[in-house]
Amino acid sequence: MRQMQVETVKLSLARPCKRAQERRNAVSVVRITVEEQGFIGLGECTPAFEYQESAASVCRQLDAVRGAVTRGASRDEIQTLLPPGAARNALDCALWRLNAALHKQTVWQQVGIQPPASLITTETLSIASLENTVAATRDAISRGAQVIKLKLDRSDIVEKIAAVRDAAPRATLMVDATESWAGIDLLSLCHALLPYNIALIEQPLPAGKDQELLRFSHPIPLCADESCRHAGDIPGIRRRYEMINIKLDKCGGLTEALAMVREARLHGLKLMVGCLVGSSLAMEAALPVAAAADYVDLDGPLWLAADSSPYLTYHHGRIWL
């Protein structure tokens with residue numbers, strides 16, 4: 001019979017992270033261990049305030065399915081017992097790792113993908129003043145960042161992008177509008193941004209209120225984040241966006257993430273794999289999806305004062321496997 005353990009861990013941040021309109025110096029993650037026949041599988045998730053999640057609510061969800069897990073529920077069964085979200089992610093990833101260990105394989109072998117030697121990952125810059133944004137850009141570039149994702153609200157949009165491009169002339173530059181550009185003339189703004197060679201703009205409008213994106217041809221590719229939580233959302237958003245951001249904490253684990261990859265390809269959408277703040281344990285679970293993605297945004301451990309095993313190596317803008 002299986003055993004399952006759940007714990008909440010507080011991770012200290014090396015730099016303040018803005019989430020849910022507040023500055024945090026630490027983030028709570030939930031970790032799960034599933035054991036069977038002496039083998040273990042580990043999973044980690046970061047509850048998202050924007051999806052009405054907390055460490056307590058995630059633990060309650062996991063406790064509710066404890067009986068099914070100990071009786072040997074499969075990953076497919078878990079998809080029906082838990083909704084998309086952080087709790088299912090932690091459990092799904094733990095079961096992937098457990099199944100791989102039981103079969104003396106890696107998760108890469110289970111998925112059927114050959115792991116690359118390394119993957120280029122973005123470095124995300126949080127919403128900040130113009131001066132602090134430029135300083136953060138220069139710091140990232142000094143450490144070898146090759147791709148910058150700039151989080152923005154409605155203030156000084158063009159000015160901040162121009163300043164970041166000036167500080168990082170050779171970097172790939174992405175913009176995350178964090179659902180904040182409602183009421184802005186998006187077509188005119190996109191044309192104003194064309195000189196700065198923006199690779200994509202992520203989630204310019206609030207989820208469920210992005211119909212305006214159907215009204216014009218996008219001069220810069222748009223990427224859906226909050227508007228696309230799981231594979232079932234993809235057919236409904238494919239005419240509004242050119243790309244989707246897959247996050248394991250959002251969709252509910254590696255099983256659903258792989259389904260999103262298949263569905264996105266069916267509809268001709270490009271892929272980004274993203275994350276919330278978390279340790280290498282959480283990022284490592286997303287790597288099989290990252291290998292299939294056009295852009296990788298798995299910089300969660302770079303925000304931490306101390307990481308957790310299995311440690312990934314971040315160096316010169318890459319994750320070295």
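Predicted model: local features only at pLDDT ≥ 70, side-chain atom pairs only at ≥ 80, totals over all residues.
Strand 13 pairs with strand 14 (residues 318-320) in the antiparallel sense through three bridges, and Arg 318 in strand 14 is the bridge partner of His 315.

Residues are numbered from 1 along each chain as its sequence is written. Local features need pLDDT of at least 70 and side-chain atom pairs count only at pLDDT 80 or more, whereas totals for chains, interfaces and linings use all residues; side-chain values use heavy atoms, with hydrogens and water left out.

A further open sheet comprises eight strands in the order 5-6-7-8-9-10-11-12, with parallel pairing. Strand 5 (122-125) and strand 12 (295-296) stand at its edges; each has a single partner strand, so one side of each is without a neighbour in the sheet. Within this sheet, strand 10 (residues 243-247) and strand 11 (residues 270-274) are paired in the parallel sense over five bridges, and Met 243 has Lys 270 in strand 11 as its bridge partner. Helix 11 (residues 254-266) lies across strand 10 and strand 11 and runs at about 170 degrees to strand 10. Angles run from 0 to 180 degrees between N-to-C directions, with axes as lines fitted to C-alpha atoms, for helices over the stretch in contact. Helix 6 (residues 130-142) lies across strand 5 and strand 6 (147-151), at about 160 degrees to strand 5.

The largest nonpolar core contains 66 residues, and those with the most contacts inside it are Ile 161, Trp 181, Ile 201, Ile 244 and Leu 298. Such a core is a set of buried Ala, Val, Leu, Ile, Met, Phe, Trp, Tyr and Cys residues joined through side-chain atoms within 4.5 Å. Helix 12 gives the most to this core, contributing seven residues. A second, separate core has 22 residues, including Met 4, Val 34, Cys 45 and Leu 62. With residues up to four places away in sequence not counted, Ile 161 touches Leu 150, Leu 152, Leu 173, Val 175, Leu 193, Tyr 196 and Ile 198, contact being defined as heavy atoms within 4.5 Å.

Helix 12 (residues 280-290) is mostly covered, with ten of its eleven residues buried; among them are Leu 281, Met 283, Leu 287 and Val 289. Buried denotes under 20% relative accessible area, exposed over 50%, and partly exposed the range in between (1.4 Å probe, protein chains only). Arg 97, in helix 4 (residues 86-102), is buried at a relative accessible area of 14%. Beyond its neighbours within four places in sequence, the contacts of Arg 97 include Ile 40, Leu 42, Val 107, Leu 281, Glu 284 and Ala 285.

The structure holds zero disulfides, a disulfide being a pair of cysteine sulfur atoms within 2.5 Å. For Cys 93, the nearest cysteine sulfur belongs to Cys 251, 8.5 Å away, and Cys 93 is buried with a relative accessible area of 4%. For Cys 228, the nearest cysteine sulfur is that of Cys 223 at 8.8 Å; Cys 228 is buried, with a relative accessible area of 0%.

Note on methods. Pairing = 2+ DSSP bridges. Helix = DSSP H or I, 4+ residues; strand = E, 2+ residues; numbered from the N terminus.
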